[in-house]
Amino acid sequence: MLDQKKLLVALFCALGAIMAALIWRCVYSLKHKGDEKALEAITKAQAVSAHTLWWWLICWGGLSTTIFKEGTMFTMSNIGTFILLLIGMQCLVELFAGFYYADLIKRDAEKADEGQANAEQADAEQA
């Protein structure tokens with residue numbers, strides 16, 4: 001019974017991660033509509049999250065012996081639950097990567113603005 005409660009909590013967390021990633025992507029896309037840098041941040045975040053599935057599937061051989069007990073039957077429900085957990089993990093990684101790349105682009109823009117302001121100030125001093 002305790003395992004089912006843990007699984008239920010994990011499923012709700014996965015659903016929350018999926019919804020959060022979708023909402024963030026929609027809001028960020030609408031807020032930065034037509035901005036190539038914002039599109040680049042979303043694309044990089046999706047690329048990073050794609051690697052998550054590969055790592056989970058590679059590690060599956062080692063994890064399957066610790067997660068599932070001997071004699072566990074794979075039903076459509078079990079496979080669906082596993083897929084939902086994988087997608088939830090992928091969306092969580094995409095969300096964190098998206099925040100990272102969006103912040104990185106924001107910092108680069110601030111540095112460019114600061115550099116431009118310093119260049120203008122130097123030109124003004126020379127004149």
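This report covers the overall build of the protein and then its salt bridges. The model is predicted.

**Overall build**

The protein has three helices and zero strands. Along the sequence, the pattern reads α-α-α. Helix α1 spans residues 2-31, and helix α3 spans residues 76-126. Helix α2 takes up residues 36-67.

How much of the protein is buried? Of its 127 residues, 20% count as buried. The accessible surface comes to about 9,500 Å². Carbon and sulfur atoms account for 67% of that surface.

Contacts tell us which parts of the sequence meet. Take the contacts between residues at least 6 apart in sequence. Of these, 80% join residues at least 24 apart.

**Salt bridges**

Side chains of opposite charge can pair when their charged atoms come close. How many salt bridges does a search of the whole structure find? The search finds three.

| Pair | N to O distance |
|---|---|
| Glu-94 and Arg-25 | 2.6 Å |
| Lys-44 and Glu-40 | 3.2 Å |
| Arg-107 and Asp-103 | 3.2 Å |

**A bridge between helices**

Start with Glu-94 and Arg-25, whose closest N and O atoms are 2.6 Å apart. Which parts of the protein does this pair tie together? Glu-94 lies in helix α3 and Arg-25 lies in helix α1, so the bridge links parts that are 69 residues apart in sequence.

Are the two partners buried or exposed? Buried means under 20% relative accessible area. Glu-94 has 5% relative accessibility, so Glu-94 counts as buried. Arg-25 has 25%, so Arg-25 counts as partly exposed.

**Bridges within a helix**

Next come Lys-44 and Glu-40, whose side chains meet in a salt bridge. Both residues lie in helix α2. They are four residues apart, about one turn of the helix. Lys-44 is partly exposed at 36% relative accessibility. Glu-40 is partly exposed too, at 33%.

The side chains of Arg-107 and Asp-103 also form a salt bridge. Where does this pair sit? Both residues are in helix α3. They are four residues apart, so about one helical turn separates them. Arg-107 has 37% relative accessibility and counts as partly exposed. Asp-103 also has 37% and counts as partly exposed.

**In brief**

The protein has three helices and three salt bridges. The pair Glu-94 and Arg-25 ties helix α3 to helix α1. The pair Lys-44 and Glu-40 lies in helix α2, and the pair Arg-107 and Asp-103 lies in helix α3.

Definitions and conventions
Residues are numbered from 1 along each chain as its sequence is written. This is a predicted model: local features need pLDDT of at least 70, side-chain atom pairs count only at pLDDT 80 or more; totals for chains, interfaces and linings use all residues. Side-chain values use heavy atoms; hydrogens and water are left out. Helices (H or I, at least four residues) and strands (E, at least two) are DSSP runs, numbered from the N terminus. Buried means under 20% relative accessible area, exposed over 50%, partly exposed in between (1.4 Å probe, protein chains only). Contact means heavy atoms within 4.5 Å. Accessible areas come from the Shrake-Rupley method with a 1.4 Å probe; for residues, only the protein chains shown count as cover. A salt bridge is a side-chain nitrogen of Lys or Arg within 4 Å of a carboxyl oxygen of Asp or Glu.
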